[in-house]
Amino acid sequence: MKHINKLFTALGITLLTACAQKPSENVQVSPLMQNEDKITDLISRMTLEEKVNMLHGKHMFSSAGVERLGIADVKYADGPFGIREEMEPHSWNSIGLTTDSATFFPTGSALAATWSEDMAYQYGMGMAKEARLRGKDMILGPAINIQRLPTGGRTYEYLSEDPILSAALAVQYTLGAQDNGAAVCLKHYALNNQENDRGSIDVKVSPRAMREIYLPPFEAAVKEADAYGVMAAYNKVEGYWCSENGMLLNEILRDEWGFHGMVISDWGGVHNTVNAAMNGMDVEMPGDRYFGQALLDSVKAGVVPESVIDSKVRNILRVRLAVKAVPEEEANKMMTSQPEQQQIAYNVASKSIVLLKNQNELLPIQTDKYKKIAVIGDNAVREQALGGVGAGVKTLYEVTPLEGLLKQLSGTDAQVEWAQGYRAFSKHERETRVSPYTKADPKLMSEAVQLAKNSDLVIFVAGDNREVETEGSDRKAITLPMGQDELLKALAAANPNIVTVLVTGGPLDLRVVDQASPAILVSWFNGTEGGNALADVLLGKISPSGKLPFTFPIRLEDSPAYSLKVYPQDERQKQDDIFVNLVDEKETDQKSGPTADYAEGIFVGYRWYDTKHVPVQYPFGHGLSYTTFNYSDLQVKADNEKLYVELNLSNTGKRSGEEVVQIYVSRPDSKIERPLKELKGFQRVALQADESKSVKIEIPLEKLRHWDEAANDWKLEPGAVEVQAGGSSQDIKLNQTIDIK
Ligand code: BGC
């Protein structure tokens with residue numbers, strides 16, 4: 001199923017603001033723009049106090065409507081990977097409902113590893129269905145910032161280091177959610193690519209990098225999917241807080257992209273009443289410090305015109321009327337997590353698992369050969385739905401890796417035994433800022449080594465946990481925490497048949513893992529059904545088919561911002577304190593922080609490694625299967641609008657499988673500085689053994705444009721275009737060069 005882009009947003013503006021005539025029958029007008037007269041009437045009947053009362057948080061996760069006029073409150077839900085439990089009105093404490101356990105969907109990087117637009121649509125749909133059961137109007141997600149740093153604290157929530165992949169999935173998540181009755185809130189707009197000092201840093205970025213790398217996911221979800229909500233990020237961009245950044249909120253989002261929905265602040269992200277009011281912020285969340293009495297006073301004093309207030313109210317009402325309010329008595333009537341959504345979570349998880357390597361075909365596990373299986377690692381039994389700072393899911397259930405395996409192997413001759421192997425990094429340690437990069441625990445290590453010795457096969461379930469990867473702070477390293485490398489070396493000396501399963505949301509330094517394990521899988525923070533999906537892949541019920549949405553560098557120092565020494569800034573590795581401030585209600589006003597210098601420009605992720613010829617451990621787009629694929633017969637044509645790429649893909653192995661065909665473009669004669677190649681299209685293709693399919697991918701020429709800083713506009717450079725097709729950014733199988741005008 002491929003969902004057609006809804007290009008009605010821009011049309012909506014032209015039709016409804018430029019002329020009063022009726023839109024032609026075949027042009028779909030954005031649901032946001034279908035109630036303009038009614039909204040004008042409602043606004044005319046509101047007092048100034050009622051209007052201002054709509055512009056700030058009423059409770060922690062709601063903003064007020066106007067009861068007298070039948071306007072319901074707007075109810076928000078975190079997002080992005082499961083509907084958060086019900087909280088007390090003015091705290092982060094749960095109210096302890098028994099019906100608010102939700103489906104824990106695989107987190108962002110897992111969704112992105114599916115490279116599946118269909119999965120992203122279903123994910124958005126699943127989130128919306130559970131949001132509606134809980135009476136929520138707006139999902140605080142998808143989280144679509146680019147993964148700029150391998151250590152970024154929220155890498156697991158975000159999608160990819162690549163803007164085309166992130167944009168395509170953001171569009172489908174948005175369509176899936178909004179087609180099913182809940183608004184999305186794209187976050188965090190914009191350039192919130194690090195967690196350390198996120199509440200004070202000032203991002204300096206070239207206009208070209210901003211346009212080509214960081215904004216496209218937001219732009220696409222607004223223009224192609226009519227996203228109803230956008231969340232302004234905590235940081236500053238070019239000297240201005242995102243919550244008062246006229247360039248981002250007014251010029252780009254509204255004027256250029258034609259956004260008609262509402263902008264809300266990140267929680268505690270507003271710093272000044274007049275600046276935020278005049279520069280595009282609609283709703284301050286979660287309190288009323290700046291957009292309560294202070295805003296009312298500013299209007300009364302003539303500093304903020306009432307027309308500005310009216311247009312904010314209009315933005316909110318557009319969303320309010322496009323999303324049907326769930327009557328109070330209908331919300332929370334049944335359990336939030338429902339079987340259809342659990343199935344979606346399974347489907348996403350099963351397509352997200354990445355097989356990094358598989359020497360000697362160790363996988364899938366031959367249970368007739370390996371009867372005694374040691375499962376080693378704290379992550380084999382750890383649930384990942386909650387943890388760290390920020391959004392988590394009170395999940396109805398979560399199948400751990402060990403549970404998944406035990407279920408699959410019950411009734412067989414295989415014997416499974418578990419040893420913890422390494423200690424988990426705990427909440428207490430995170431809070432007291434203990435480093436997770438410590439030595440192995442000798443007792444746990446020796447138990448695990450003993451078990452490995454007595455087993456035929458070792459499944460080492462390694463990686464981070466949600467205390468290591470967390471909102472509010474970046475990781476200090478990408479090495480495996482809690483002495484896991486040391487443990488793995490000892491395990492490998494005891495038993496060479498080691499499959500390493502990496503439970504992680506971000507890249508890791510795999511130098512030791514690669515030496516010690518003939519087979520490696522990445523299984524992410526993979527949701528409610530994660531353990532079942534993993535067991536199905538390990539035991540060969542399905543072939544792995546995920547592809548890396550970001551690069552695994554060899555060393556952290558190889559990555560662009562580290563290599564250029566522009567991150568960490570000022571050696572300040574301290575945890576961001578905005579969250580703490582928010583809870584204490586000691587908000588920061590004009591806190592000035594370090595500059596985040598995006599000196600690598602457009603050379604983010606594989607664009608850097610490829611172009612600078614920096615070797616990597618596992619490249620962007622990489623992922624193996626239990627079967628093999630053959631690419632042939634590439635044909636590329638172009639007209640004035642698109643590149644038409646066609647090729648033949650065959651399954652040449654003995655099992656069914658799915659491959660993600662990736663199309664990269666290189667501009668050999670370009671006069672402009674460019675990455676060696678850039679992803680421009682992709683398609684997931686399912687093939688039975690021996691089956692072949694013709695794969696057709698169309699690439700609009702506008703995706704080949706670059707941002708011309710002098711012209712302050714997009715430009716399409718004519719000339720040779722080398723189209724490359726393959727199974728990863730470093731596994732190009734076919735190429736053809738064509739000229740475009
Ligand atoms: C996060 C947002 C989240 C909000 C509400 C903030 O700290 O940055 O992503 O939606 O809290 O929980």
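**Side chains, ligand and strands**

Author: The side chain of Gln569 makes a polar contact with the side chain of Gln194, at 2.9 Å. Bear in mind that this is a predicted model.

Reader: Okay, where does Gln569 lie?
Author: Gln569 is in the loop between α20 (560-563) and α21 (578-584).

Reader: And is Gln569 buried or exposed?
Author: Gln569 has 4% relative accessibility, so it counts as buried. The cut-off for buried is under 20% relative accessible area.

Reader: What lies 2.7 Å from a polar atom of the Trp524 side chain?
Author: That's the backbone oxygen of Ser352.

Reader: And how far is Trp524 from Gly392?
Author: In sequence they are 132 residues apart, and in space 15 Å, C-alpha to C-alpha.

Reader: What about a residue in a strand?
Author: Asn358 is one, in strand β11 (residues 354-358). Its relative accessibility is 18%, so Asn358 counts as buried. The side chain of Asn358 reaches the backbone nitrogen of Leu363 at 2.9 Å.

Reader: Switching topic: which residues come nearest to the ligand?
Author: There are 14 residues around the ligand, and of these Asp78, Arg154, His188, Asp266 and Glu471 come nearest.

Reader: Which polar side-chain atoms lie by its oxygen atoms?
Author: Lys187 has a polar side-chain atom 2.9 Å from an oxygen atom of the ligand. For Tyr234, a polar side-chain atom lies 3.0 Å from a ligand oxygen atom. Arg84 also has a side-chain N or O atom 3.3 Å from an oxygen atom of the ligand.

Reader: How much of the ligand's accessible area does the protein cover?
Author: On its own the ligand has 310 Å² of accessible area, and the protein covers 98% of that.

Reader: Which cavity is the ligand in?
Author: The ligand takes up the space of the second largest cavity.

Reader: Let's do sheets. What order do the strands of the open sheet come in?
Author: The open sheet has 4 strands in the order β9-β8-β6-β18, with mixed pairing. β9 (240-241) and β18 (595-597) are at the edges with a single partner strand each, so one side of each has no neighbour in the sheet.

Reader: How do β8 and β9 pair?
Author: Strand β8 (residues 236-237) and β9 run antiparallel, joined by 2 bridges. Val237 has Tyr240 in β9 as its bridge partner.

Reader: What holds strands together in general?
Author: Strands of a sheet pair through backbone hydrogen bonds, in a parallel or antiparallel way.

Reader: Last one: why is strand β27 largely enclosed?
Author: Because 9 of the 10 residues of β27 (residues 719-728) are buried, the rest of the structure largely encloses that strand.

Reader: And which strands does β27 pair with?
Author: One partner is strand β22 (residues 657-666), which runs antiparallel to β27 with 5 bridges between them. Val665 stands opposite Val723 there. Another is strand β28 (residues 731-740), paired with β27 in the antiparallel sense over 9 bridges.

Reader: How many residues are in the hairpin that joins β27 to β28?
Author: The hairpin runs through 2 residues. As for bridge partners, Val721 has Ile738 in β28.

Notes: Residues are numbered from 1 along each chain as its sequence is written. This is a predicted model: local features need pLDDT of at least 70, side-chain atom pairs count only at pLDDT 80 or more; totals for chains, interfaces and linings use all residues. Side-chain values use heavy atoms; hydrogens and water are left out. Buried means under 20% relative accessible area, exposed over 50%, partly exposed in between (1.4 Å probe, protein chains only). Two strands pair if DSSP finds at least two bridges between them. A polar contact is a pair of N or O atoms within 3.5 Å; within protein, one must be able to donate a hydrogen and the other to accept it, and residues adjacent in sequence count only if both atoms are side-chain atoms. A residue is near a molecule or strand if one of its heavy atoms lies within 4 Å of it. Accessible areas come from the Shrake-Rupley method with a 1.4 Å probe; for residues, only the protein chains shown count as cover. On a 1 Å grid over the protein atoms alone, a cavity is a set of points where a 1.4 Å probe fits but cannot get out, and a pocket is an open set with protein on both sides within 12 Å along at least five of seven lines; lining residues have an atom within 4 Å of a point. A molecule sits in a cavity or pocket if more than half of its atoms lie within 2 Å of its grid points.
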